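Hi there,

Here is the structure I promised to pass on. Could you open it in your viewer and keep it beside this note?

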Amino acid sequence: MRCNRNFGLKRFPAICFPFNFPDFPVWFSFSRFEQCHDHFYNNISGFVQHNLIYPHQQEATSKVLHELGVGGEDKKISLAVLPTGTGKTGIAVLLAYCLKSRNVLIITPSETISRQVFIEFGCDFDYEGFVQSRRLVQPDSLKQVIPTHDLILKTAQITRRTCQVADLTIANAHKFGANSAVDIDKLSKDLFDVVIVDEAHHYPAPTWKNIVHHFNKSRIVFLTATPYWKNKYILGDQRPAYELSRSDAVSQGIIREISFLEVGNSFDSDQLRYEKVICCILDTLKRHDQEDTKVRHQAMILCQSKEEAYSVSRQCVEIGGESCCSPFIQGSSRQTLEEYRDGRIRVLAIVGRLLEGFDQKSVSVAAILRNVAPATRVLFSQFVGRAVRKCHKHDPVVATVISHVLHAQRQNFRRLDLLAEEDPADDE
C-alpha cells in the first residue's frame with residue numbers, strides 16, 4: 001500500500017542547477033511521479049524562463065491541473081487541444097509528475113504511438129525522452145526520474161499485478177477492445193489514478209469510450225489536435241481547459257507554416273503519376289536544404305496499398321539514387337524506421353496510419369498518393385502534421401503538402417482547421 005506522505009523531497013525555488021533527488025530503494029512505495037512531483041510542479045515556470053519548455057506547454061499543463069482540482073476546480077475530466085507538432089506528449093509527461101500520479105495509464109490508437117510515448121517518457125534508453133532532451137533534470141538524476149513502466153504490446157501482459165507494479169502503463173486502445181483477450185470488467189475501476197487519452201479524437205469510438213467509462217474513478221486527461229465529433233466537442237458541453245489554434249502556433253513560431261502543391265493531370269498513368277509526385281518531392285527537399293543548410297530534410301509518401309508503396313519506392317530510388325526511398329508496411333522491420341530516423345533513408349513510402357504520432361523534425365514534406373475522403377480527414381490532418389515540427393527556433397522552412405490532381409486533396413487542405421468527423425478506422 002502506498003504512503004501518501006511527502007517523504008522528505010527537497011523543494012526547488014524557481015529553477016536551480018544542479019539538483020538531485022533522493023535515491024529511494026526500488027521497493028519504496030512512492031511512484032517516480034510522486035517522488036519527483038515537487039521538482040516539476042514548483043519549477044515549471046523556471047523551465048519556461050530558461051527556454052527548456054514552451055510557454056504554451058506550461059499554460060496547458062497549469063490549466064489542466066487547475067481543472068482537475070490542483071488549486072482550482074475539481075472535475076474528473078479535462079481536455080487540452082493543441083495542433084500536431086506542438087508537444088502534446090511533453091504536456092502528458094509534465095502532467096504525470098505535476099498530478100503526483102500513483103499509477104498512470106496512457107491509451108493510444110496504435111502501437112507506433114505507444115512506442116513514441118514510451119520514448120518521450122524516457123523509458124527507451126536508446127533515445128532521449130522529453131525530460132532528457134529538454135534538460136529538465138541533471139543527467140545523474142535521470143535514474144530517479146524515469147518511471148517504472150510497462151509497454152503493452154500483447155493483451156496477455158495486462159494484469160492487475162502488472163499495472164500495479166508499474167508507475168506507467170502504455171497500451172493502444174484495442175488491447176482492451178471487443179476482440180481482446182482482456183476482460184476489462186475484471187480490472188478494478190481504481191487501478192489507475194490518472195488516465196491520459198492520447199489522440200483523443202478517437203474517444204467516441206466504442207472501445208475508447210468503454211475504457212474511459214470503466215476507469216471513471218481516475219482523473220482523465222484528453223489530448224488532441226482535433227476535438228470534435230459530428231460538429232460537437234468530444235466532451236459534449238464541457239469546453240477545453242486549454243486550446244491553441246494552428247494559426248496561433250504558427251504565428252508564435254512553434255510550428256512551421258504549411259503550403260500545398262498539386263501536380264499532374266487527370267490523364268496521367270500510374271507510372272507518370274508517381275514520377276511527377278516523386279520529382280516534386282525531391283525538388284522541394286532540395287529547396288528546403290538550401291533554405292536551411294543545417295538540416296537534411298526528409299519526406300513521407302502516403303500510399304494506397306502495399307503494392308503501390310513498393311512501386312513508388314522503386315521508382316523513387318531510380319530517380320533519386322540508392323537509399324533514397326524505402327517502403328514501410330504493417331509488420332515492417334524496425335530497422336527501416338531506424339534508418340529513416342538516422343537519415344540513411346530520405347523518403348518513406350507508407351501505408352495506412354502507421355506513423356500517426358511519429359516525431360521526426362527533419363520531415364518537411366508530406367506527399368499523398370491516395371484518395372483521403374473528406375469523412376476521414378483526421379487521417380489527412382494527422383499525416384500532414386508530420387511535416388510541421390520545427391527543427392530549431394529559427395527554422396525558415398515552410399512545410400509542403402504534395403498531391404496529384406487525381407486525388408483531389410485540395411479540399412482537405414482547405415478544411416485542415418475545420419471540424420474532424422468520425423474516424424472509420426475506429427469502427428468495431
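First, the ground rules. This is a predicted model, where local features need pLDDT of at least 70 and side-chain atom pairs count only at pLDDT 80 or more, while totals for chains, interfaces and linings use all residues. Residues are numbered from 1 along each chain as its sequence is written, and side-chain values use heavy atoms, with hydrogens and water left out.

Helix packing

Helices are DSSP runs of H or I with at least four residues, numbered from the N terminus. Axes are lines fitted to C-alpha atoms over the stretch in contact, and angles run from 0 to 180 degrees between N-to-C directions.

Helix H2 (residues 37-49) and helix H3 (residues 55-67) have axes that come within 9 Å and cross at roughly 155 degrees. That makes H2 roughly antiparallel to H3 (over 145 degrees; under 35 is roughly parallel, 65 to 115 roughly perpendicular and the rest oblique). Their crossing is left-handed, meaning that the near helix is turned anticlockwise from the far one by less than a right angle (clockwise would be right-handed). Tyr41, Ile44, Ser45 and Val48 of H2 touch Pro55, Gln58, Thr61 and Leu65 of H3, with contact meaning heavy atoms within 4.5 Å.

H3 also meets helix H4 (residues 88-98): their axes come within 10 Å and cross at roughly 45 degrees, so the two are oblique to each other. This crossing is right-handed. On the H3 side are Gln57, Ala60, Thr61, Val64 and Leu65, and on the H4 side Gly90, Ile91, Leu94, Leu95 and Cys98. By class, that contact has seven nonpolar, three polar and no charged residues (Ala, Val, Leu, Ile, Met, Phe, Trp, Tyr, Cys and Pro count as nonpolar, Asp, Glu, Lys and Arg as charged, and the others as polar).

The axes of H2 and H4 come within 8 Å and cross at roughly 120 degrees. Here His37, Phe40, Tyr41 and Ile44 of H2 face Leu94, Tyr97 and Cys98 of H4.

The largest pocket

The largest pocket holds about 1,200 Å³ of space. A pocket is an open set of points on a 1 Å grid where a 1.4 Å probe fits, with protein on both sides within 12 Å along at least five of seven lines, and lining residues have an atom within 4 Å of a point; the volume is the space filled by probe spheres set on the points. Its lining has 42 residues, with Tyr54, Arg134, Asp359, Lys361 and Lys390 nearest the centre. Helix H5 (111-120) gives the largest share, five residues.

Best wishes
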